[in-house]
Every structure is written in structure tokens, then in C-alpha cells.
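Subject: Structure handover

Hi,

Here is the structure for you to look at. My notes follow below it.

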Amino acid sequence: MCLGRRTPVLAPPAQPIACDWLVLGDPPDELEERAGRPFVEEAGQLLDNMLRAVGVKRWDHAAGASPSAAERAYLTPVLKCRPALMRAPDATELSTCAHFLRREIALTQPKVIL
């Protein structure tokens with residue numbers, strides 16, 4: 001799964017950070033891999049606009065002041081590495097990254113998972 005990977009797209013919070021929303025995305029594409037974060041470029045702008053429409057902002061560890069948990073969304077890809085060929089992940093790949101996702105859920109304690 002990691003053949004040809006430059007860097008994983010994984011940036012969990014260093015400490016627990018409550019976010020009412022957890023948004024799971026497709027495996028990272030090349031742009032997300034380069035940026036080291038999910039939902040970049042046009043897809044990220046579209047998602048940011050959709051979240052803003054319901055009063056939510058993506059959680060950004062680099063930002064100073066942060067909205068309340070009810071106004072925060074934690075974004076993460078379902079797989080943390082870009083597969084060599086873009087396709088739906090299989091059960092083995094999902095299982096390989098499941099412990100990362102469980103840790104992200106434990107740290108963010110979301111009320112809604114999309």
C-alpha cells in the first residue's frame with residue numbers, strides 16, 4: 001500500500017481536542033500527500049464551504065484561537081497512505097489503518113462521523 005508513497009497524510013492532535021464532527025475522506029491523492037493533510041485544493045474548498053454553511057470549521061492545529069467543539073470538524077482520510085493506483089480500499093488496507101482511525105476518534109470524541 002505504501003509503495004511510491006512520499007509521506008503519510010496523518011496529523012492527529014497531540015492531545016485530546018474535542019470536535020463534534022469527524023469527516024472521513026477517500027485515501028489521499030497526490031495533492032493531499034504533498035500537502036500532508038486531507039481535503040486540499042478544490043475538494044477542500046468545497047468541503048470548507050459546505051461545513052461553513054452548517055456553522056462548522058475544520059480543526060486546524062496551526063490556527064491560534066479555535067472554535068468550540070460544536071463548531072469544529074476534524075478531517076482525516078480513511079487510509080493514511082496514497083495507494084499506487086487510486087481505487088476503493090480493500091478490507092486489508094482498511095484494517096491496516098484502523099488503529100490510526102480509532103486513535104483519532106478517541107482523541108476527538110466526535111458526535112457525528114461522516
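The sheet is open and has 4 strands, in the order β2-β3-β1-β4, with parallel pairing. Its edge strands are β2 (57-58) and β4, each of which pairs on one side only. Keep in mind that this is a predicted model.

Take the β1/β4 pair next. Strand β1 covers residues 21-25 and runs parallel to β4, with 2 bridges between them. Across this pair, Leu 22 stands opposite Ile 113 in β4.

Now the backbone. Two residues deserve a look in your viewer.

- Glu 41 is not a glycine, yet has a positive phi of about 60 degrees. Its place is in helix α2, which spans residues 41-53.
- Gln 109 also has a positive phi, near 50 degrees, and is a residue other than glycine. Gln 109 sits in the loop between α3 (91-108) and β4 (112-113). Its relative accessibility is 54%, so Gln 109 counts as exposed; the cut-off for exposed is over 50%.

Last, the surface charge. Which residues form the negative surface patch? They are Asp 26, Asp 29, Glu 41 and Glu 42. Asp 29 belongs to the loop between β1 and α1 (30-35). Asp 29 counts as partly exposed because its relative accessibility is 31%, and that class lies between 20% and 50%.

Best wishes

How values were computed
Residues numbered from 1 in each chain as written. Predicted model: local features only at pLDDT ≥ 70, side-chain atom pairs only at ≥ 80, totals over all residues. Heavy atoms only, no water. Buried < 20%, exposed > 50% of the residue type's maximum accessible area, 1.4 Å probe, protein only. Pairing = 2+ DSSP bridges. Patch = residues over 30% accessible without salt bridge, like charges linked within 9 Å, V, L, I, M, F, W, Y side chains within 5 Å. Areas by Shrake-Rupley, 256 points an atom, 1.4 Å probe, with all protein chains shown as cover. Salt bridge = Lys/Arg side-chain N within 4 Å of Asp/Glu carboxyl O. Lys, Arg positive; Asp, Glu negative; His and termini not counted. Charge placed at Lys NZ, Arg CZ, Asp CG, Glu CD.
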